[in-house]
Amino acid sequence: MEDWAEIRRLHRSEGVPIKAIARRLGVARNTVRAALAASDPPRYSRPARGSLVDEVEPLVREQLRLDPTMPATVIAKRIGWTRSLTILKDRIRDIRPEYRGIDPADRVVHEPGDTVQCDLWFPEPRIAVGHGQAMMLPVLVMVATYSRYMCAVMVPSRRSGDLTAAMWQLLGQMNAVPHRLWWDRESAIATTRGVPTQSMRAFVGSLGARAVIAPAADPEFKGGVERHNRYLESSFLPGRRFAGPGDFNTQLGGWLAQDANQRVVRALGARPAEVFDRERPLMLPLPPVAPTTGWHHRVRLGRDYYVRLDSNDYSVDPSVIGRMVEVHADLTRVWVTCEDRQVASHARCWADHATITDPAHVATAAVLRKQYQQTIDARAEQARLAGARTHADGTIVPLRALSDYDTLFGVDPAIGHAAAEDGQGVAG
């Protein structure tokens, strides 16, 4: 390489003759001529040697034509390969794309204000949720793909009511709505066919946005938020301890505001919070009327005066037993109304199969039970004074005329009396 460069310099720059160059460098004149004629520097090369796989390559290709995804170990067994598996795998790796096809990934360019990617992150630490339970709870992560601005909050469950409530809370923190919300096929968000669920359609319809669902088996679709999930794992979790979900969200909110959204992102050359301030005006404004989020259902209150929400039972004012009540819940509270009157309010329980009781409801039930017993006793006393027969609990035993039973069974009383008299005459 050095001789080639020096030969060309001496001849072209200094005009040294070929014979003089050969004498000065101690090389043959033909070597000098070859160096001057070659446009590229000399390279060492040797002819390729044959491989043991060359003989069986037609058989390998035949198997790949049958199934382009066939594992190399299966191909080796089918073609009777008994030599090194490594060289066979190398050859299969080279020729497999010819049969499987190529699936190029386009570079996605996100416009400012257009897209927010959403995903659920499951931190490994078990969070104490009360009632002696500790659970791995999901965290909803939302990332504005242009500015890399991130919001996140821990939620009680993966149900649609909790996810829509969490999305609305995080959009409120952003104080803007993106044109598109990207999701994978989370069961509460989309069906297995990639169609948004009814609750998701209602939510984005209220926002004036559009839900975009990831194609099947496309892990690169939400690469932006997936990278932020890994960032949470490596930068937020280490060394932290959490007393409960509330403590987790407090620490997470502080870290997002002070660290995650204030770090300088090399691809942006700026901090996400600064870029998001310029991106926000290009988003949609928050709707004037908040969308319906959280849990809502209607049920008739039973005698035990409890309603069930996400496997937990909450007490209700027993004065509305037997009436229809509306059960509502968000991420932190559960409340029950009856004809627009609130009859229960509890802190949301994040545990499973727990019973949450308001002592005031128990006291009210005791008063109602006592009043009911007094009413029963009063009725029994009135019946006793009137000479009526009663059951042990005071319920009056009704006395019916015999003609009522004739009517019930369709018996004609006149025929019955005549038959009775004939029977007496025969017997006499």
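This report walks through the salt bridges and a nonpolar surface patch of a predicted model.

Let's begin with charge pairs. Side chains of opposite charge can pair when their charged atoms come close. The structure holds 20 salt bridges, and the table lists some of them.

| Salt bridge | N to O distance |
|---|---|
| R93 and D90 | 2.9 Å |
| D119 and K222 | 3.5 Å |
| D310 and R159 | 3.8 Å |

Take R93 and D90 to start. Both residues belong to helix α6 (residues 85–95), where 3 residues, about one turn of the helix, separate them. R93 is exposed because its relative accessible area is 53%, a value over the 50% cut-off. D90, at 34%, counts as partly exposed.

Now look at D119 and K222, which meet in a salt bridge. D119 sits in strand β1 (residues 115–121) and K222 in the loop between β7 (210–213) and α10 (223–236), so this pair ties together parts that are 103 residues apart in sequence. D119 is buried at 6% relative accessibility, and K222 is buried at 4%.

The salt bridge of D310 with R159 also links distant parts of the chain, 151 residues apart: D310 is in the loop between β9 (306–309) and β10 (312–315), and R159 is in the loop between β5 (149–154) and α8 (160–174). D310 counts as buried at 17% relative accessibility, whereas R159 is partly exposed at 45%. Elsewhere, salt bridges with shared partners join D54, E57, R61, R91 and E98 into one network.

Finally, turn to the nonpolar patch. L402, Y405, L408, F409 and V411 make a surface patch of about 600 Å². One of its members, L408, lies in helix α14 (residues 402–409) and is exposed, with 63% relative accessibility.

Key: Residues are numbered from 1 along each chain as its sequence is written. This is a predicted model: local features need pLDDT of at least 70, side-chain atom pairs count only at pLDDT 80 or more; totals for chains, interfaces and linings use all residues. Side-chain values use heavy atoms; hydrogens and water are left out. Patches are made of residues with over 30% relative accessible area and no salt bridge: like charges are joined within 9 Å, nonpolar side chains (Val, Leu, Ile, Met, Phe, Trp, Tyr) within 5 Å. Accessible areas come from the Shrake-Rupley method with a 1.4 Å probe; for residues, only the protein chains shown count as cover. A salt bridge is a side-chain nitrogen of Lys or Arg within 4 Å of a carboxyl oxygen of Asp or Glu. Helices (H or I, at least four residues) and strands (E, at least two) are DSSP runs, numbered from the N terminus. Buried means under 20% relative accessible area, exposed over 50%, partly exposed in between (1.4 Å probe, protein chains only).
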